[in-house]
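Here is a short briefing on how two protein chains meet. Take a look at the sequence and the structure before reading on.

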There are 2 protein chains.
Amino acid sequence: LSTESTFIDLMRAIATDPAARGLNDDAAVIEFGNEALILTHDMMVEGVHWLPGADPADVAWKLVAANLSDLAAKGAEPLGVLLGFMLGADDWDRRFAEGLAEVLATYTVPLLGGDTTGKSGEWSARAFGLTALGRATHRPVPARSGAQEGDWLYVTGTVGDAAAGFDLCREAVDSHARLRRAFNRPVPQLEAGKLLAPEVHAMMDVSDGLLLDAQRMAKASGLRVEIDLSTLPISHDYQVLRGNNLESRLVAASWGDDYQLLFATPTRDIPVDATLVGGFWPGEGINLRYGSEAVPLPASLGYEHR
Amino acid sequence: LSTESTFIDLMRAIATDPAARGLNDDAAVIEFGNEALILTHDMMVEGVHWLPGADPADVAWKLVAANLSDLAAKGAEPLGVLLGFMLGADDWDRRFAEGLAEVLATYTVPLLGGDTTGKSGEWSARAFGLTALGRATHRPVPARSGAQEGDWLYVTGTVGDAAAGFDLCREAVDSHARLRRAFNRPVPQLEAGKLLAPEVHAMMDVSDGLLLDAQRMAKASGLRVEIDLSTLPISHDYQVLRGNNLESRLVAASWGDDYQLLFATPTRDIPVDATLVGGFWPGEGINLRYGSEAVPLPASLGYEHR
């Protein structure tokens, strides 16, 4: 962790252009002509971001979906992607290409280019990179910063399904297809992002855990965020598997890979399916409660390494 | 090789958008507003693209320079880069950051964003990706295709210095600083690219070897290219080290990493320092001569794997 934050601090010292947003945002926002271009790049590394035995088509899906989710958080519509690909075994690569074709067709996103390279020796882990380019549909483009005192905190959809799906995949359980799919084939909230962009003071996608990401939004906005775990939207499937209690809700709020949109807004009239989970107050940091009861912070608020 | 070409064929089947240029070009060209955006992505893999013991600052330099060279081949001016970085050792990463800051400052290119990830186990090779975004300064944007019958083939600067520099670095020779620098710190021909864009029928950068790249230009243009190795621009330093003969010229023409611009043009009035090395004719393929003498093709025309 210290190594990653040390390196990101070095990068922040270089990334002084306003378009970089201090490297504190989901994507870069570049003014170009009369438009705003949105650019994001994510890597996935074998053994870090996917399980051994994962379907290569799911790896491709997730690589694209995670980047499109960053565009969604800016209210952007995708213009295309570039792929950095490290060659492996023919069958694996062919299946990856099938998943890539499927996810790009699903969201009508063109593959524009990229690079293919050999890997370094038989035992080396593979790494892929994807760059997604989008066009902002609303100005100003939402940022992580911008939440205001008195804003409500909302999240789209449900959280925790990917956490449950990950365990099912790891344990090679065949049932609970919807939860496994939530982990393997996340859905970028592109339409919701476009509808929300004009309505929000701040927005980001939940990739590292709702609590950690909400804390980041509060920090970027210079405010304190308070979250009521009793209102956290968890699916029926999740409740059946993990229960509906404080502990299961803490897991759902701190695991990540949800790719839902988290946003701060002064209105209660929300144009998409979203749940009120908290609000912003003067101060700093994050406070949790479960209904009227104060809840101590868990040891980890989310996934800090990806 | 067959694995790479197999995979690229799979990608070509997906990349049907005109902006992808059939994955046959140095970069994607996206029409946006009244402008053309240029996008390119290159990866570098430890053990494949850099020598053990390489200065991490040189690795960063080359990663950026190789991408900027693709922009140069489109006559584009850079708008920014995104970095995909796999963490390693603190000292190594710090030195990489220094090289990154240096190359970006040299070419006045902002770092806009990217991603940082852990690597998969102690022994796994590291991989980096860089995406560069540029704005075309001239329309239409030069392509690899477009050379016409009767066009001259020119190349900027000299070729072969990186080939000689690579051997010097591998053998840890301390002298010949200029040749080692040609390998470690290539210079993207951004200014030449902008000056040439209005003058050329086709343009690309020489990254995989002049012969291979010229063959690719001829193929994309549906023509035959003929190259006179006796006019190939090789530096005095290169000649001192490797000699000035057919054999040394074949090495200089087929090794790569030169990052010079190769272009087809009907004019002999060239606005930059460039050398006439051949021309385009009806037919297909590549022919070599050395003055008036025909030269058989070498076994390898360049580097096919990166």
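This is a predicted model: local features need pLDDT of at least 70, side-chain atom pairs count only at pLDDT 80 or more; totals for chains, interfaces and linings use all residues.

Chain B and chain A bury about 5,000 Å² between them. Carbon and sulfur atoms account for 75% of that area.

**The interface between chains B and A**
- On chain B, 63 residues are in contact with 63 residues of chain A.
- Five residue pairs between the two chains are in polar contact, with both residues at pLDDT 80 or more.
- Several elements of chain B give two or more residues to the side that touches chain A. Two of them are helices, α1 (2–14) and α3 (90–106). The others are the strands β1 (28–32), β2 (35–45), β3 (76–86), β4 (111–117) and β5 (127–136).
- By class, this side of chain B has 34 nonpolar, 17 polar and twelve charged residues.
- The count of salt bridges between chain B and chain A is zero.

**The largest nonpolar core**
- This core has 107 residues.
- A:Leu83 and B:Leu83 touch the most other members.
- B:Leu83 reaches residues of both chains.

**A buried charged residue**
- B:Asp257 sits in the loop between α9 (246–254) and β9 (260–265) of chain B.
- B:Asp257 has a relative accessible area of 5%, so it counts as buried, the cut-off being under 20%.
- Which side chain does the side chain of B:Asp257 contact? Its partner in a polar contact is the side chain of B:Lys62, at 3.0 Å.

How values were computed:
Residues are numbered from 1 along each chain as its sequence is written. Chains are lettered from A and ligands numbered from 1 in the order in which they are written. Side-chain values use heavy atoms; hydrogens and water are left out. Contact means heavy atoms within 4.5 Å. Buried area is the accessible area (1.4 Å probe) that two parts lose on being put together, summed over both. A salt bridge is a side-chain nitrogen of Lys or Arg within 4 Å of a carboxyl oxygen of Asp or Glu. A polar contact is a pair of N or O atoms within 3.5 Å; within protein, one must be able to donate a hydrogen and the other to accept it, and residues adjacent in sequence count only if both atoms are side-chain atoms. Helices (H or I, at least four residues) and strands (E, at least two) are DSSP runs, numbered from the N terminus. Ala, Val, Leu, Ile, Met, Phe, Trp, Tyr, Cys and Pro count as nonpolar, Asp, Glu, Lys and Arg as charged, and the others, Gly among them, as polar. Buried means under 20% relative accessible area, exposed over 50%, partly exposed in between (1.4 Å probe, protein chains only). A nonpolar core is a set of buried Ala, Val, Leu, Ile, Met, Phe, Trp, Tyr and Cys residues joined through side-chain atoms within 4.5 Å. Lists of a residue's contacts leave out its neighbours within four places in sequence.
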